[in-house]
Amino acid sequence: MTRPDVVALPGRVLFLAADPALVRRQLAGEDLALADARPLRAEISTDEITPVPSLVHFDARLADHAHLGFRAGTETPIGPGALAAGTFSVLVGGARYGKGSSREHAPLAERLAGIRLVIAESFERIYRQNADNLGLFTSTDLGLVARIRAGEPVTVDELVAGRDPLAAAILRAGGLLAYGRARLAGARPAALPDDGQPRTYFEKIVRRHALETPSCPPVGEAGMSGFVRADRRFIHDIYTGMARHLLAEAFGADLALHEPASILAFEDHYSYTHLSRAHRDLMPHVAAASRAHRAFVAEHGLAHHGYLPDGPGSEGISHALVAERYALPGQLVVGTDSHTPHAGALGCVAFGVGTTDIANAFVTGAVRFAMPESIRVELAGALPEGVGAKDVVLHLLAYPEIRAGLGVGRVFEFTGEAVAALSTDERATLTNMTAELGGFTGLVAPDAETLRFLAERRGAAPDLEGWDLEDWMCSDPGAAYAAEITVDVGALSPMLARPGDPGNGIPLDALEEPVPIDIAYGGSCTAGKREDFDRYHEVLSWAAARGLAVAPGVRLILQFGTLDVRRYCEARGYLDAFAAVGAEIMQPACGACANCGPGASETRDQVTISAINRNFPGRSGPGQVWLASPATVAASAIAGHIAGFHDLKRDRAGGPIPSSLSLREPV
């Protein structure tokens, strides 16, 4: 008889090795020891565990999609259904397991494929929290492997040892929805006293949103876990079907949402999938996901930003629209996207959560939360001409300390002379890409620029009546930080990230030879804002005035982040210059960033220069993706190879741009 305190692990152990031959041997039936399987793959992303095309599924069919995109060397050795067919119940990986997207499809696919425990050297926050919420155990104790292979029992107590009490309680309950239904009814605001301690702006916001629940004390200090209320909760079309499915299972006819007027729903990912090679055979499943999304919206009368009525595209990308139309300084916002911190540029706390987290928040009003530490990032000096926020982030991502995990799970507070001089759009690039830095969220304290942005974008919006900045909306002198980073931005130059990871940063000038490109893509939440289009136009209008056009054999695709951005470009006459050089213009959607439309590569030998935020393997098609700023993307499209705007101007002054270029990154 199985002891109730023992975790059932009836299957085999699969080591996610860096050597594809070792993975194939295990899939074929061979069992390995840990020592024989090293080195383990580090930084396995959720994009690999469940690639974008797999996200059209939100039920038991996900089992066949677990780890379809897992890369070992240049191979993807785990085929459809292979994880379940191998009768594995334990996965073992390296550091930063589950980095990247907040998609809960990843741990759900693993669980549905029979996995009961994932062991790794370390985990990304959102992945591990999603696993907890689904009742999937995780551990950083690699010593368990030998015991499991020897048939020794592993207890629940062992697997929750060292975890915060809330995570342990959720796992013991079998997942968050079961826990929430039993313990979170009637959660009310906590009255946390002002103890006079200096605090970060982030801590102040959280304390104002802390909830008092019967199950745990209100969060107030670093390391504490509990629940907070959100001013805004949002979901988009990739997650709504799953949330609806999970809520129906847990609550049935008793389902009623908490304060539905504060919930937003978006269709922003799938509107161009009919033009996506990756989704060509999946359109019936895409349609089913859309029907589930719209049904949930209709059932609960939610505010909805959906597809455009006159063709492909949507009103805008969820977190970009939240920043343009909804978020306010001092608020707390949660959404089902790892780039929810985009809105932190307005001085609010905004962070991504998984499907079960948002489903629980929909019905209880309570958002699971563990108080993180903060990192203060001071951007000192003035940015040189031609250097923007994207270059700053790519520079930070290349820091050895960041690559070693300094930012994992922490708050990035951006401050300093250079931040004060940035527009809110540029600040949003910084906060958006805290996801790539491994952070919990990013934010900038509100100031006069924030007020300017709100007046420009919102006008006389009702939620601004009587609203103003308040004295408490800043970090106190003497507030505690886990680390402080100072960047002399005056010494920076345009940056790139080599294919495979946003942390593969190098200065543009460090390229020893030209890298020819096939696709140049400017868009996504990170690079589809008004100021991003100012930069595209600056380069492309210069080119158009000189009779230049997009280089032969290159596609330049520009995709707006929101309809408001398109209207801005139309009003300024930008579309004429874009048309003159041969750029393709697309309506708002997540598009190529999520491998959901034109701009994504279709073959492994294609090279893309892209302004999106991440270039994990397979993220934007099977080819090689270089990351760069909007200006560099536009200049590269004209040059036909990776080039900065300064390179383009210099080359045109000194003679024709070379047309015979051969260097490509190895496939």
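I began with Phe 202. Leaving out residues up to four places away in sequence, I find Phe 202 touching Val 349, Phe 369, Met 371, Pro 372, Ser 374, Val 411, Phe 440, Thr 441 and Leu 443. Contact here means heavy atoms within 4.5 Å.

The model is predicted: local features need pLDDT of at least 70, side-chain atom pairs count only at pLDDT 80 or more, and totals for chains, interfaces and linings use all residues. Numbering starts from 1 along each chain as its sequence is written, and side-chain values use heavy atoms, without hydrogens and water.

Next I checked the sheet. It is open, with four strands in the order β16-β15-β14-β17 and parallel pairing. Strands are DSSP runs of E, at least two residues; helices are runs of H or I, at least four, numbered from the N terminus. Pairing takes at least two DSSP bridges between two strands. The edges are β16 (441–443) and β17 (483–488). Strand β14 (residues 374–380) pairs with β17 over six bridges.

Helix α11 (residues 201–209) touches β14, β15 (411–415) and β16.

Last, the cores. A nonpolar core is a set of buried Ala, Val, Leu, Ile, Met, Phe, Trp, Tyr and Cys residues joined through side-chain atoms within 4.5 Å; buried means under 20% relative accessible area (1.4 Å probe, protein chains only). The largest has 108 residues, and Phe 202 is among those touching the most other members. Helix α12 (residues 237–251) gives the largest share, seven residues.

Note on methods:
Buried < 20%, exposed > 50% of the residue type's maximum accessible area, 1.4 Å probe, protein only. Axes fitted to C-alpha atoms, helices over the stretch in contact; angles between N-to-C directions.
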